[in-house]
Each structure stands twice: as C-alpha cells, then as structure tokens.
Amino acid sequence: MEPMRDCPLFGGAFSAILPTGAIDVSDLRPVPDNQEVFCHPVTDQSLIVELLELQAHVHGEAAARYHFEDVGGVQGARAVHVESVQPLSLENLALRGCCQEAWVLSGKQQIAKENQQVRA
C-alpha cells in the first residue's frame with residue numbers, strides 16, 4: 001500500500017488523507033476556487049473534491065447522487081457510476097454546527113481530460 005499524508009483542502013478548512021505522491025493539479029494549471037484536484041503520478045486517475053451549492057429540491061442520499069450526476073453531465077461524462085452513498089456521523093464533522101446531514105458518495109466517471117477524448 002502507498003504511503004499516505006494528511007492534505008489540507010480549501011485553505012485548511014478541512015483535510016483528506018491522500019497518497020504521498022498525489023500531485024496538486026493547481027500547481028500545473030488553474031483550478032476553480034470550489035475545487036481541489038489531485039492526480040496520480042503514474043496512473044490516469046484523478047481525485048476531485050468539489051464544493052457545491054445547496055439544491056433545496058433534493059435531500060439526503062438523493063442530493064449526493066444529484067450533484068454527482070450533474071457534475072458528470074456538465075463535464076460530458078461518457079459513463080457515470082455510483083458505487084456507494086453513505087451518511088457521515090455528524091459527531092465526527094468539524095462543521096457539525098453548520099449542517100443537519102452529510103453524505104459521502106464514491107463513484108467513477110469517464111471524462112476526457114483537457115483536449116483529449118474519453119477512453120473506451
């Protein structure tokens with residue numbers, strides 16, 4: 001297993017544990033303020049953490065799926081696959097006073113990188 005490191009996100013507002021070799025894409029190209037993007041130095045994999053606007057018409061697990069599918073649609077994803085959606089315990093959140101619920105969605109999307117085509 002690859003060695004891991006604690007990586008601050010969004011100016012230290014929270015953090016994630018990432019492989020030590022993960023490359024911060026903002027060191028290579030502009031990244032929107034609402035995203036943190038990392039790529040693996042060997043594989044063709046990326047991790048994108050994105051802060052999204054509240055959509056009052058969807059709640060709970062459906063909200064997590066809505067945002068994931070919406071981002072895939074905006075990015076022109078060839079395939080969007082949700083692997084799991086799990087609630088997070090509010091006691092474990094640094095932002096527990098600011099939200100009523102929190103969800104983590106794991107999934108995959110096939111999206112072409114800049115100026116490239118999606119692989120089959």
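Q: Into which domains is the protein chain divided?
A: Domain bounds come from an automatic or database domain assignment. Here the protein chain comprises domain 1 (1-51) and domain 2 (56-115), and their centres, taken over C-alpha atoms, are separated by 17 Å. This is a predicted model, in which local features need pLDDT of at least 70 and side-chain atom pairs count only at pLDDT 80 or more, while totals for chains, interfaces and linings use all residues. Residues are numbered from 1 along each chain as its sequence is written, and side-chain values use heavy atoms, with hydrogens and water left out.

Q: Is Phe68 buried or exposed?
A: Buried means under 20% relative accessible area, exposed over 50%, and partly exposed in between (1.4 Å probe, protein chains only). Phe68 counts as buried because its relative accessibility is 16%. Phe68 belongs to helix α1 (residues 60-74); helices (H or I, at least four residues) and strands (E, at least two) are DSSP runs, numbered from the N terminus.

Q: How many salt bridges does the count come to?
A: Side chains of opposite charge can pair when their charged atoms come close. A salt bridge is a side-chain nitrogen of Lys or Arg within 4 Å of a carboxyl oxygen of Asp or Glu, and by this rule the count is 2. In one, Glu61 pairs with Arg65 at 3.1 Å between the closest N and O atoms; both lie in helix α1, 4 residues apart, about one turn of the helix.

Q: Which side chain meets that of Glu83 in a salt bridge?
A: The partner is Lys108, at 3.7 Å, N to O. This pair links distant parts of the chain, with Glu83 in strand β6 (residues 79-87) and Lys108 in strand β7 (residues 103-110).
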